Amino acid sequence: MRRRSRRLIRAKPRFPLAPGAWIAYLIAMASVTGPEIERLIQLLARLPGLGPRSARRAALTLIKKRDQLMVPLAAALQIACERVVVCSNCGNIDTADPCTLCRDPRRDTSLLVVVETVGDLWALERAGVINARYHVLGGTLSPLDGIGPGDLNIDGLVARVSAGGVTEVMLALNATVDGQTTAHYVTDLLAPTGVKVTKLAHGVPVGGELDYLDEGTLAAAIRSRTPF
């Protein structure tokens, strides 16, 4: 704080200013870039994981590496904006509708994995442990946020299951209050179809130590114990 105050004192204009004008002067001194660069920083700051400082560093990197990074990134964003669509069947994002996963004949059509977001779908695909079809809900039920069943892709899920061919629905939803509430709601809706509904196991992660786990995780692990 002392160093900053000294810098501000050094930057003080030689002519006297009123208190309000002095604040405006400090704000003007802080803005040393054009509106185009400020707009770039503001947009980058909206991305997840990027704050104002990280956005400034990212903007500087893009500007310094204009030909190697900024131009290809701008072209990729333009192409993505024009071609990326939401799959009308499962809710995944791709450049084709139906998406690549829905058109893959090698996938098990009898198993349908339900996820909250496309990011969750990508996470399961990176793990490479399942070869099934997916259904993206687009979020979870959250009364506090005003998100109801009509705001999610739940009707599409019921329609896909009711059409036949699906023998198991695996709910790969997050272990949060909203996630579990959504899981119970979906389970009740699918009950009349007679399809088997399963969920991901919760418990001790691979490589985890019991002493560092919370009580809720330990309780879930004990309830989901399996033969050794």
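The following legends describe an overview and several close-up views of a predicted model.

**Figure 1. Overview of the predicted chain.** The chain contains 10 helices and 6 strands. Of its 228 residues, 25% count as buried. The accessible surface of the chain comes to about 16,100 Å², and carbon and sulfur atoms contribute 59% of that area. Among contacts in the chain with a separation of 6 or more, 44% involve residues 24 or more positions apart.

Figure 2. A search of the whole structure finds 0 disulfides. Cys 87 is in no disulfide, and the nearest cysteine sulfur, belonging to Cys 90, is 3.8 Å away. A disulfide requires the two sulfur atoms to be within 2.5 Å. Cys 87 is buried because its relative accessible area is 3%, whereas Cys 81, at 63% relative accessibility, counts as exposed.

**Figure 3. A nonpolar surface patch that includes Ile 93.** Four residues, Val 84, Val 86, Ile 93 and Trp 122, form this patch on the surface. Together they have about 350 Å² of accessible area. Ile 93 belongs to strand β2, which covers residues 93-94. With a relative accessibility of 34%, Ile 93 counts as partly exposed.

**Figure 4. The cis peptide bond between Asp 97 and Pro 98.** Asp 97 and Pro 98 are joined by a cis peptide bond with an omega of about 5°. Pro 98 is located in the loop between β2 and α6, the latter spanning residues 100-103.

**Figure 5. The salt bridges around Asp 104 and Arg 107.** The structure holds 3 salt bridges. The side chain of Asp 104 meets that of Arg 106 at 3.1 Å, N to O, and that of Arg 107 at 3.8 Å, N to O. Asp 104 is buried, with 14% relative accessible area, while Arg 106 is exposed at 67%. A further salt bridge links Glu 125 with Arg 107, their closest N and O atoms being 2.7 Å apart. Glu 125 lies in helix α7 (residues 118-127) and Arg 107 in the loop between α6 and β3 (108-115), so this pair ties together parts that are 18 residues apart in sequence. Glu 125 is partly exposed at 27% relative accessibility, and Arg 107 is buried at 9%. Through shared partners, the salt bridges join Asp 104, Arg 106, Arg 107 and Glu 125 into one network.

Note on methods:
Residues are numbered from 1 along each chain as its sequence is written. This is a predicted model: local features need pLDDT of at least 70, side-chain atom pairs count only at pLDDT 80 or more; totals for chains, interfaces and linings use all residues. Side-chain values use heavy atoms; hydrogens and water are left out. Buried means under 20% relative accessible area, exposed over 50%, partly exposed in between (1.4 Å probe, protein chains only). Patches are made of residues with over 30% relative accessible area and no salt bridge: like charges are joined within 9 Å, nonpolar side chains (Val, Leu, Ile, Met, Phe, Trp, Tyr) within 5 Å. Accessible areas come from the Shrake-Rupley method with a 1.4 Å probe; for residues, only the protein chains shown count as cover. Helices (H or I, at least four residues) and strands (E, at least two) are DSSP runs, numbered from the N terminus. Contact means heavy atoms within 4.5 Å.
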